[in-house]
Amino acid sequence: MTSYKLNNLNLSKFEGQVSIPKYNRSNIKTGIVHVGIGGFHRAHQAFYTDKLLHDESIKDWGVCGVALLDFDTKIYNTLKEQDGLYTLIVKELDGTLTKSIIGSITEYMFAPENPLQVIEKMASPEVKIISLTITEGGYNYDEATGTFNFKNPLIQHDLKNPKAPKTIFGYLTQAFKLRKERGLKGCTVQSCDNVQGNGHVTKNMLLSYVNSAEPELVAWIEANVSFPNSMVDRITPATSQSDISNLLESSGIDDAWPVVCEPFNQWVIEDDFIAGRPAWETVGAQFVKDVVPYEKMKLSLLNAGHSVLGVLGALIGYATIDEVANNPDLATFLRTYMDNEVTPVLGDLEGVDLENYKESLLQRFGNIYIKDQIDRICSESSAKFPIFVLPTVNAQLKQNGTIEFAAFVVAAWAIYSLGVNEAGEELVVKDAMQNLLAEKAKAAKSNPKVFLEIESVFGKLKDSKQFVDSYTAAYKNITENGVAKCVLDMNANVLKEN
Ligand code: CS2
């Protein structure tokens, strides 16, 4: 099949092959600056916004995608070469691929190259929303102190170099400073990351930074910026080389970085947009008064479920999540964790069919076409465990509930952090705290508790005798018998108890 480079000029050539944006992209004004244009944003918010822009009357909600980190050069260059266009490939449950070219990213910027351009854009009056996918770790929250981490060298850099920042906090501060000086209105900062109370956390972290960098701006932000909480969901594995070549061969689309994802998508948002917002509810988003229960449910069941399968699966030697989820023993283990340890702390989830939700998660994890990489899931676990798993543990400990399965997973993570699986093969440990994790993991071999001393991850968990005992026993058990055998025994014990 003849293939063409994906860009504006060639767009119409793909019509008929895949769905393409039907709206006139050159007429769309930028209303949203989005920071973090990785796969997730492109499978989620940009996808919803693209659907919305198909209503020809909507012209104000184009997205300017900002690549924040040096490391993001490749995605920036790709979007630049492709005029912001990319292909979204949905891997349906029966293996069919539904492909659409997404057009909602109409501008793109590379912050390290031109920080002032990004600050100006964020301060521009037509921009009503600054949205973020900066990862769990990007919020710079210190679990040990419950406060903003001023020790982070990048934060220190931003405090010293306000006009050439490196973190989102430096950018937002400068943009709001300009808005204030120019007598402009404020806007909404919308976090789209997997963080409990992501809007609240964004606000608290930003205000801590501003209080130090530009104290006189605090009151202006409090009065002029809103921070809605939201729950975001769509499993988006890393794009593989074969995804790229299949697209080229099957549809003739030469796209350097398509995005692959599952069919399921959900976006639950608090309706708190100080400068207005797109009618995302017309394309499937839900606006609710209180998003907290939804977030809690998703983080502690879906994301924690991922971490459970990821860490256990990695040690056994699996490569993708579907392989682990389709192992009946591990699926039973996960389901028991969800039922016995997570469900009791979820509180009231009015209108949610929890049984159905848990069942559907196991199906989504088991989708054999998604091939979600365990390496992706286990990456940055030091930022994920405190959000996905440990709140459940702390809540269970408070109400004298069981924490045995969670303690087992934490023990597995300590062993995982040694960087070798049970077959002696090397694991790709990718984590901002990698060195410390490895150091503690080594020391944990003779004294497992040492791993729990990483306070910025575990907080005060090392002081809980119940947790430490359960974790230590699990650590010993895994080392002696291996994950698979332990899982089998734990499942059998649960059966006996019931
Ligand atoms: C995953 C998430 O990174 C992770 O550990 O759990 O990326 C997950 O796939 C998304 O949150 C799904 O909505």
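Y4 touches N10, K13, F14, G252, I253 and D254, leaving aside residues up to four places away in sequence; contact here means heavy atoms within 4.5 Å. This tyrosine lies in strand β1 (residues 4–5), and helices (H or I, at least four residues) and strands (E, at least two) are DSSP runs numbered from the N terminus. The model is a predicted one, so local features need pLDDT of at least 70 and side-chain atom pairs count only at pLDDT 80 or more, while totals for chains, interfaces and linings use all residues. Residues are numbered from 1 along each chain as its sequence is written, and side-chain values use heavy atoms, with hydrogens and water left out.

**Two residues and their surroundings**

- With a relative accessible area of 31%, Y4 is partly exposed; buried means under 20% relative accessible area, exposed over 50%, and partly exposed in between (1.4 Å probe, protein chains only).
- From C-alpha to C-alpha, Y4 and P293 are 46 Å apart in space, and 289 residues apart in sequence.
- A319 is found in the loop between α10 and α11 (321–325), and this alanine is partly exposed, at a relative accessible area of 46%.
- Not counting residues up to four places away in sequence, A319 touches D372, Q373 and I374.

**Cysteines**

- The structure holds zero disulfides, a disulfide being a pair of cysteine sulfur atoms within 2.5 Å.
- C187 is in no disulfide, and the nearest cysteine sulfur, that of C64, is 13 Å away.
- C187 counts as buried, because its relative accessibility is 0%.
- The closest cysteine sulfur to that of C378 is in C486, at 17 Å, so the two are too far for a bond.
- C378 is buried too, with a relative accessible area of 3%.

**Helix α17 with helix α20**

- Helix α17 (residues 404–416) and helix α20 (residues 465–481) pack at an angle of about 55°, with their axes 8 Å apart; axes are lines fitted to C-alpha atoms, for helices over the stretch in contact, and angles run from 0 to 180 degrees between N-to-C directions.
- α17 and α20 are therefore oblique to each other, on a scale where angles under 35 degrees count as roughly parallel, over 145 as roughly antiparallel, 65 to 115 as roughly perpendicular and the rest as oblique.
- α17 passes α20 in a right-handed crossing; a crossing is left-handed if the near helix is turned anticlockwise from the far one by less than a right angle, and right-handed if clockwise.
- On the α17 side, E404, A407, F408, V410, A411, A412, A414 and I415 take part, and they meet F467, S470, Y471, A474, Y475, I478 and T479 in α20.
- By class, this contact of α17 with α20 has twelve nonpolar, two polar and one charged residues; Ala, Val, Leu, Ile, Met, Phe, Trp, Tyr, Cys and Pro count as nonpolar, Asp, Glu, Lys and Arg as charged, and the others, Gly among them, as polar.

**Helix α10 with helix α15**

- The axes of helix α10 (residues 292–316) and helix α15 (residues 381–388) come within 9 Å and cross at roughly 135°, and the two helices are therefore oblique to each other.
- The crossing of α10 and α15 is left-handed.
- L299, S300, N303, A304, S307 and V311 in α10 meet F385, I387 and F388 in α15.
- That contact of α10 with α15 divides into six nonpolar, three polar and no charged residues.

- In helix α4 (residues 115–123), the buried residues are P115, V118, I119, K121, M122 and A123.
- Their cover includes β2 (30–35), β3 (62–67), β6 (105–110), β7 (129–132) and α6 (168–181).
- α6 also packs with helix α7 (residues 198–213), at an angle of about 70° and with the axes 10 Å apart, which makes α6 roughly perpendicular to α7.
- F169, G170, L172, T173 and F176 of α6 make the contact with M205, L206, Y209 and V210 of α7.
- The contact of α6 with α7 has seven nonpolar, two polar and no charged residues.

- K371 has a positive phi of about 50° although it is not a glycine; its place is in the loop between α13 (354–366) and α14 (374–378), and K371 counts as partly exposed at 38% relative accessibility.
- N400, likewise a residue other than glycine, has a positive phi near 55°.
- N400 sits in the loop between α16 (390–398) and α17, and counts as exposed at 68% relative accessibility.
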